[in-house]
Amino acid sequence: MLTALLAPRKSRTAKPLVEEIGASEVSEEVVEDDDEEFDWEIEQTPCKEVHESALNPQCHYGFGNLRSGVVQRLQDELSEVIDIKNPDFTPAAERRQKRLAAELAKFDPDHYLADFFEDEATEQILKYSPWWNDTYSKMLASLEDSQEQELHAVLVSFSEEEKYQLLKFVNKSYLLDKIAHRQVYYSLIDILLAYCYEIRVTEGERNVESAWSIRKLSPTLCWFETWTNVHEILVAFGRRVLCYPLYRHFKLVTKAHRDTVKILQLGKSAVLKCLLDIHKIFQENDPAYILNDLYISDYCVWIQKAKSKILSTLAKALEEASLTKAQLGLELEELEAAALLVQKEETGGKAASFVSTQTLGSSPEASDSEGSESESESESESESESEESAPGSTASSSTEDSASDQELDGSLSAPAPAPSLRDPFLHMSSTLLVHEGVACAPAACQRQPQALAQAPEARGPLIEELGEQLKTTLQVSQPEDATAGSHISMQDCEETTDAQ
């Protein structure tokens, strides 16, 4: 009864609820228009494409592109995490263009060439074996004896900390269309590539730069990038590896590619273990924890319900994909060729300068040796001259007989010293000449008149007689024979003098 009293009273009239004010005042022009025929043909106009931003004022991002408006509310915090500005109003095509331009501006050829030629640190990094290598080897060894699903569950184990981490996640169901479902798998590859690079470079020991490296190397996390195939994911990852981190080598790109294939082949458990590690890294970093809310937490829940068959086909597609330096668009092959050419020219220049330095260094030694030889020859000549001139000076201060004996001994013994035998003219002729009654070498015969001129009073009848007896040529074959012959002639001369 009370309900019936409170119910509104129904209108019992058939009047329309909406009335048109001023409808009774009809002008005469309107009445005249009713008599005209109505044009049924509609004017045709070409269809104009409407911009995506006009239809969707807010662009989507996050896991499965299900989020929007988050960055606008957290702009101050996300500015240090992502590189894109205003992602809520930036379409996907514009994001990619800005990302490519930023990578070209960041690429440093000098840094790349330094790591290319000095690759000792890179080779050491490549030798590191992460945990999934041993697990992958065990899987290959026992794949024939065990079922794949049971094998993955046994080989990949979780720690107590990881189990506790799993308990914090809320169970969710995700309604994804076909395109969004494909995007989720593609973005998973991109995130795992960045994670594999970081684990290998740090050799499994996380540091304060780990969160920065993972989000910087993943265009999905840094630019909210979307993908259409596997190859473009590898290209984007390779470009960022050669532009941002400390170690920029193409071998690290290929190694991370192989590591990601192994993780996907190990199944959901291995992928979940990697995602939990990424979640922990971001959670410990103040600005990066927002990426957990946008991507990683949802991935940790979703991967547990993913189909293993789809992961295996995804791993196969990633394994068959290939990447070359020319596909990165950074002109790496041209840079390497130019650097090798410059290095070759520098090596040739250094070798030439080294040879010229050795030549210049050896020439002073040769000149010094020649100078020492000339000095020794000059000293020997001066000694012979002093020996030749000494008897003349002694004879001038003594009696005539003793002077003549002394001069005779000096003149006959002149060829005996060793320096005169080393004279080049003596070696060429191998003869001793008698000049003005004195036995001497060809060079010494020219200097002998000067020695005799210094003591003119010593030249007497005895010397003239001896000169007539000694006007012979002594033929010798070697300098030793010449020396012996000169000594024999001196003994004969002394006996003749004594007899006289």
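Mentor: Gladly! Let us begin with helix 12 (residues 178-201) and helix 19 (residues 308-320), whose axes come within 12 Å and cross at roughly 55 degrees. Keep in mind that this is a predicted model, where local features need pLDDT of at least 70, side-chain atom pairs count only at pLDDT 80 or more, and totals for chains, interfaces and linings use all residues. Residues are numbered from 1 along each chain as its sequence is written, and side-chain values use heavy atoms, with hydrogens and water left out.

Trainee: Why is helix 12 called oblique to helix 19?

Mentor: Angles under 35 degrees count as roughly parallel, over 145 as roughly antiparallel, 65 to 115 as roughly perpendicular and the rest as oblique. The two helices cross at roughly 55 degrees, so helix 12 is oblique to helix 19. Axes here are lines fitted to C-alpha atoms, for helices over the stretch in contact, and angles run from 0 to 180 degrees between N-to-C directions.

Trainee: What makes something a helix in the first place?

Mentor: Helices (H or I, at least four residues) and strands (E, at least two) are DSSP runs, numbered from the N terminus. The chain comes to 26 helices and 3 strands.

Trainee: Which residues of helix 12 and helix 19 meet?

Mentor: His181, Tyr185, Leu188 and Ile189 in helix 12 meet Ile310, Leu311, Leu314 and Leu318 in helix 19, where contact means heavy atoms within 4.5 Å. By class, this contact has 7 nonpolar, 1 polar and no charged residues. Ala, Val, Leu, Ile, Met, Phe, Trp, Tyr, Cys and Pro count as nonpolar, Asp, Glu, Lys and Arg as charged, and the others, Gly among them, as polar.

Trainee: What makes helix 12 roughly perpendicular to helix 18?

Mentor: Helix 12 and helix 18 (residues 289-302) pack at an angle of about 110 degrees, with their axes 12 Å apart. That angle makes helix 12 roughly perpendicular to helix 18.

Trainee: Why is tyrosine 112 called buried?

Mentor: Its relative accessible area is 2%, so tyrosine 112 counts as buried. Tyrosine 112 belongs to helix 7 (residues 109-117).

Trainee: Is valine 208 buried or exposed, and why?

Mentor: Valine 208 reaches 70% relative accessibility, so it counts as exposed. Valine 208 is in the loop between helix 12 and helix 13 (210-217).

Trainee: How many residues are in the largest nonpolar core, and what makes a nonpolar core?

Mentor: A nonpolar core is a set of buried Ala, Val, Leu, Ile, Met, Phe, Trp, Tyr and Cys residues joined through side-chain atoms within 4.5 Å. The largest one has 89 residues, and among those with the most contacts inside it are Leu188, Tyr299 and Trp302. Helix 12 gives the most to this core, with 14 residues. In soluble globular proteins, nonpolar side chains tend to be buried together.

Technical notes:
Buried < 20%, exposed > 50% of the residue type's maximum accessible area, 1.4 Å probe, protein only.
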